[in-house]
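Here are some notes to read with the model open beside you.

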Amino acid sequence: GLAAWGADGGPFDAALAFIGTDEAPTAAQLASIKAAAGGSGVAVIPVAQTAIAVLANPPAGCSVDAITNSNLAGVMEGRIANWAKVEGAEGACNVPITRVVRSDDSGTTHQFKNYLNRLYAKGLACTTGSTEGKASWSQLANTAWPESCPEKVLSPVVRPASAGGSALVQTVNATAGSIGYAALPDAQAQKAGATTVLALQNNGQKKAGEASFAEP
């Protein structure tokens, strides 16, 4: 959507008077849009927002209903690579995790990585070189996910063949042992089979060793 407005320096689609996008344009993008549109003003109007759901399709015989903050950050980074390592998982859970992520530069990915950054702001475990211990989720481009690490083997990443939340949910549905994320309406409408929306830890710290959880 933003590209059609010239946000990346490309041509402006003059037929557009209004466009929707799931990520607000930056100041630099707004300047590019204005230049591409010949100096015309641009109004950015937030009209809706929704929660992001974390979806899980646990392996057969494994039950997972909720996920802690630290587990979610570790799973999406790839360093927690087995369902048996997820706190609260019950049953036959000794099965690898597959991460399913959006295939496009989506606002959903942008917001989800901001959330992961708040859960684990001290730096990704598998960064190397001059950024070791410093890189954060917010420094990763929307299409970039941790996929390799010299210290350990990370869980595999799968990207749906097409863009959009529906394609992601359908890929989670079709991939036993997978975990992904989508806007809550897409998750609720498209999830099927063993796929479930996980309850998330709703406080930063555990109290008396117990975490409390809430639906997204």
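1. Let's start with helix α4, residues 165-174, in which G165, A167, L168, V169, T171 and V172 are buried. Buried here is under 20% relative accessible area, exposed is over 50% and partly exposed is in between, with a 1.4 Å probe and protein chains only. The cover over these buried residues of α4 includes the strands β1 (52-57), β5 (98-100), β6 (157-158) and β7 (178-183), as well as helix α5 (184-190). Helices are DSSP runs of H or I with at least four residues, strands are runs of E with at least two, and both are numbered from the N terminus.

2. A word on the source: this is a predicted model, in which local features need pLDDT of at least 70 and side-chain atom pairs count only at pLDDT 80 or more, while totals for chains, interfaces and linings use all residues. Residues are numbered from 1 along each chain as its sequence is written, and side-chain values use heavy atoms, with hydrogens and water left out.

3. For the overall picture, the protein chain has 5 helices and 10 strands. Of its 216 residues, 42% are buried. Taking contacts (heavy atoms within 4.5 Å) with a separation of 6 or more, 63% are between residues 24 or more positions apart.

4. Helix α2 deserves a look of its own. In this helix, 8 of the 9 residues are buried, so it is mostly covered. The buried ones are N69, N71, L72, A73, G74, V75, M76 and E77. Their cover includes β1, β3 (66-67), β5, α3, β7 and β9 (199-201). After α2 comes G78, with a positive phi near 100 degrees.

5. How do α2 and α3 pack, and at what angle? The angle between α2 (residues 69-77) and α3 (residues 107-119) is about 125 degrees, and their axes are 9 Å apart. Axes are lines fitted to C-alpha atoms, for helices over the stretch in contact, and angles run from 0 to 180 degrees between N-to-C directions. The two helices are therefore oblique to each other; angles under 35 degrees count as roughly parallel, over 145 as roughly antiparallel, 65 to 115 as roughly perpendicular and the rest as oblique. The crossing of α2 past α3 is left-handed, a term used if the near helix is turned anticlockwise from the far one by less than a right angle.

6. At this crossing, N69, L72, A73 and M76 of α2 meet F112, Y115, L116 and L119 of α3. By class, the contact has 7 nonpolar residues, 1 polar and no charged ones. Ala, Val, Leu, Ile, Met, Phe, Trp, Tyr, Cys and Pro count as nonpolar, Asp, Glu, Lys and Arg as charged, and the others, Gly among them, as polar. As background, an α-helix has 3.6 residues a turn, so residues three or four places apart point the same way.

7. T109 belongs to helix α3 and, at 0% relative accessibility, counts as buried. Its side chain makes a polar contact with the side chain of Y181 at 2.7 Å. Such a contact is a pair of N or O atoms within 3.5 Å; within protein, one must be able to donate a hydrogen and the other to accept it, and residues adjacent in sequence count only if both atoms are side-chain atoms. D104 sits in the loop between β5 and α3 and is partly exposed at 23%. Leaving aside neighbours within four places in sequence, D104 is in contact with T109, N142, T143, A163 and G164. The side chain of D104 also makes a polar contact with the side chain of R102 at 3.4 Å.

8. P59, between β1 and β2 (62-63), is buried at 6% relative accessibility; beyond four places in sequence, P59 touches W83, A92, V95 and G177. W83 itself lies in the loop between α2 and β4 (90-91) and is buried at 1%. T195, in the loop between α5 and β8 (196-197), is buried at 5%, and its side chain makes a polar contact with that of N173 at 2.8 Å.
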